[in-house]
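Let me put the model up, and then I'll walk you through a few spots in it.

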Amino acid sequence: MARSSRSSSSSRWRHCHPSYYLKRPQRLALLFIAFVCGTLVVWDRQTLLREHEVEVSKLYEEVTRLQNLLDESKNTGGDATRELSKNDVVPDDPTDIQRREKVKEAMLHAWSSYEKYAWGQDELQPQSMNGVNSFGGLGATLVDSLDTLYIMGLDEQFQKAREWVANSLDFNKNYEASVFETTIRVVGGLLSAYDLSSDQVFLNKARDIADRLLPAWDTPSGIPYNIINLAHGTVHNPGWTGGESILADSGTEQLEFIALSQRTGDLKYQQKVENVIAQLNKTFPADGLLPIYIDPHRGTASYSPITFGAMGDSFYEYLLKVWIQGNRTSSVKLYREMWEKSMKGLLSLIRRTTPSSFTYICEKHGDSLSDKMDELACFAPGMLALGSSGYGPDDSKKFLSLAEELAWTCYNFYQSTPTKLAGENYFFHPGGDMSVGTSWNILRPETIESLFYLWRLTGNKTYQEWGWNIFQAFEKNSRVESGYVGLKDVNTGVKDNMMQSFFLAETLKYLYLLFSPPSVISLDEWVFNTEAHPLKIVTRHEGQSFGKSDEKHKPIVRLRGRKEGRSG
């Protein structure tokens with residue numbers, strides 16, 4: 001029967017009542033609210049006729065938001081580390097605004113120096129004011145910086161870089177490229193630029209370079225070789241590994257290649273990288289800790305050290321982040337399960353110093369532990385904080401507390417040197433706390449990355465203060481006339497002659513986001529690859545055939561105005 005022909009007063013009342021336009025669960029929710037409040041709402045029909053559409057919309061959005069929060073609370077076991085969502089109103093602190101602008105000015109200084117002296121080359125040597133092609137001439141700094149420029153609202157610089165990508169970026173190079181480095185910097189950088197801007201040129205270029213990398217996975221086990229010639233497709237592993245593949249280099253392409261399959265609808269990229277995880281899971285140990293060398297023929301681990309530092313780190317990071325990338329559904333549950341096993345293993349490597357009780361992560365050689373921790377391993381506090389939300393309440397608190405303890409140690413890597421910049425690694429001594437080992441600093445981002453996550457997930461502004469102190473140390477010791485440089489020795493402050501591309505891609509981006517509202521690259525919507533390139537979270541379902549997202553690809557609203565030799 002047509003709605004207009006119904007004449008009963010009860011029908012007419014239902015049509016006028018806002019709850020009529022809501023689905024049954026929402027109507028029940030409204031009735032429940034009315035019941036609890038003991039309030040009888042009397043609707044004024046004439047007013048409602050004028051205003052009910054707006055009010056219904058607001059009520060629907062609020063009920064849906066509350067329902068989502070309830071669902072999230074159930075899924076996380078009441079976890080307390082939920083990031084503020086983009087809908088939460090958070091005043092922009094004047095100090096944060098000022099600091100954010102300082103970081104943005106640092107990015108402009110770094111970028112303009114690169115633009116002036118090394119445009120289109122991989123990296124800038126600021127002291128000698130020239131460029132070098134550390135990655136085969138792929139414009140590494142430029143591609144690595146695209147999303148940082150976009151997020152900071154540096155439109156003119158972004159557009160100029162975009163034109164270079166469209167017209168000059170050429171992957172047909174007779175160059176022996178690291179599959180890992182090329183994936184995290186170039187594929188990741190291009191995909192992030194696409195997700196942010198919706199510009200097809202970036203997706204086309206990402207697919208071009210990914211296709212050139214694919215032969216690396218053509219091994220008996222599917223564990224990739226780590227070096228490939230971009231022009232000829234010949235593959236091999238570094239000589240110094242004895243022919244073995246490196247754990248981090250083989251297990252840190254999943255985010256990028258899964259995203260590429262999602263954006264293009266071509267499953268081949270996802271299948272290659274997910275097969276790696278399937279192979280490793282066949283012999284995955286109970287403690288979830290894998291040695292850093294993997295046999296690409298048998299697909300099994302070889303006798304070698306276990307570490308959350310160089311050559312191990314980002315494998316564990318990506319187990320967690322692929323689960324987040326897939327929106328934590330059952331289709332990506334295996335990644336979470338493997339990650340949780342690995343975190344049990346990580347607990348077995350935790351030790352504390354005397355007398356100051358600094359918490360650190362040991363390295364493992366056979367059955368013995370080494371009291372050494374890389375600064376690279378300072379990504380772990382952020383990873384633990386990010387992953388704590390998937391546990392029940394007790395474990396969530398335990399791992400978040402561990403994250404905070406480790407972050408304090410990492411911050412003291414910086415505070416314990418004369419320059420207030422961290423060395424490459426540290427050794428721990430009974431009764432003597434810690435001492436710097438390898439004493440260079442190459443503008444690494446890992447500690448700042450963890451401070452960013454901890455601030456986002458706890459709201460504790462202490463982490464912003466620590467990050468600001470580190471930024472000031474970079475400004476004092478690493479800023480030169482033509483960019484930023486590392487230090488050969490954090491004790492003496494002697495400078496090197498290299499501005500690493502990850503300083504613009506990661507260090508400055510995480511610092512900028514540390515002082516930005518949580519709505520800027522919300523962790524509810526984005527997941528960062530290990531080079532700090534944000535990729536959109538896309539829900540995965542069992543048996544899903546990846547095509548383009550149902551949603552129209554739209555650019556985000558912006559806030560206006562690790563690795564060669566450090567695997568992962």
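Before anything else, one term: when I say buried, I mean under 20% relative accessible area, with exposed being over 50% and partly exposed in between, using a 1.4 Å probe and protein chains only. This is a predicted model, so to speak of local features I need pLDDT of at least 70, and side-chain atom pairs count only at pLDDT 80 or more, while totals for chains, interfaces and linings use all residues. Residues are numbered from 1 along each chain as its sequence is written, and side-chain values use heavy atoms, with hydrogens and water left out.

Let's start with W466. This one is buried, at a relative accessible area of 13%. Helices here are DSSP runs of H or I with at least four residues, strands are runs of E with at least two, and both are numbered from the N terminus.

Now the aromatics. Rings of Phe, Tyr and Trp (the six-membered ring for Trp) pair if their centres lie within 6.5 Å; planes under 30 degrees apart are stacked, over 60 edge-to-face, and the rest tilted. Searching the whole structure gives 29 aromatic pairs. Take Y360 and F428: the ring centres are 3.8 Å apart and the planes sit at 5°, so that's a stacked pair. Y360 is in strand β9 (residues 359-361) and F428 in strand β13 (residues 425-429), so the pair ties together parts 68 residues apart in sequence. Y360 is buried at 5% relative accessibility, and F428 is buried at 5% too.

Then there's Y411 with W466, with centres 4.6 Å apart and planes at 5°, so again stacked. Y411 belongs to helix α15 (residues 393-415) and W466 to helix α17 (residues 462-477), 55 residues apart. Y411 is buried at 6% relative accessibility. Ring pairs also join F358, W408, Y411, Y463 and W466 into a cluster.

Staying in α17, we get to F471. F471 is buried, with a relative accessible area of 4%. What does F471 touch, if we skip residues up to four places away in sequence? With contact meaning heavy atoms within 4.5 Å, the list is K102, V103, A106, L508 and L511. F471 and K102 are 369 residues apart in sequence, but C-alpha to C-alpha they are 9.5 Å apart.

L508 is in helix α18 (residues 501-514) and is buried at 0% relative accessible area. Leaving out neighbours within four places, the contacts of L508 are V103, A106, M107, M152, F471 and F503. Its C-alpha is 8.0 Å from that of K104, which is 404 residues away along the chain.

Next, a helix pair: α12 (residues 313-325) packs on α13 (residues 333-348) at about 145°, axes 8 Å apart. Those axes are lines fitted to C-alpha atoms, for helices over the stretch in contact, and angles run from 0 to 180 degrees between N-to-C directions. From α12, Y316, L319, L320, V322 and W323 meet K333, Y335, R336, M338, W339 and S342 of α13.

R336 also lies over the face of W323, 4.6 Å from the ring centre; the cut-off is NZ of Lys or CZ of Arg within 6 Å of the centre and within 35 degrees of the ring normal. R336 lies over the face of Y391 as well, at 4.7 Å from the ring centre.

Last stop, helix α10 (residues 254-264): eleven of its eleven residues are buried, so the rest of the structure largely encloses it. Just after α10, G265 has a positive phi of about 80°.
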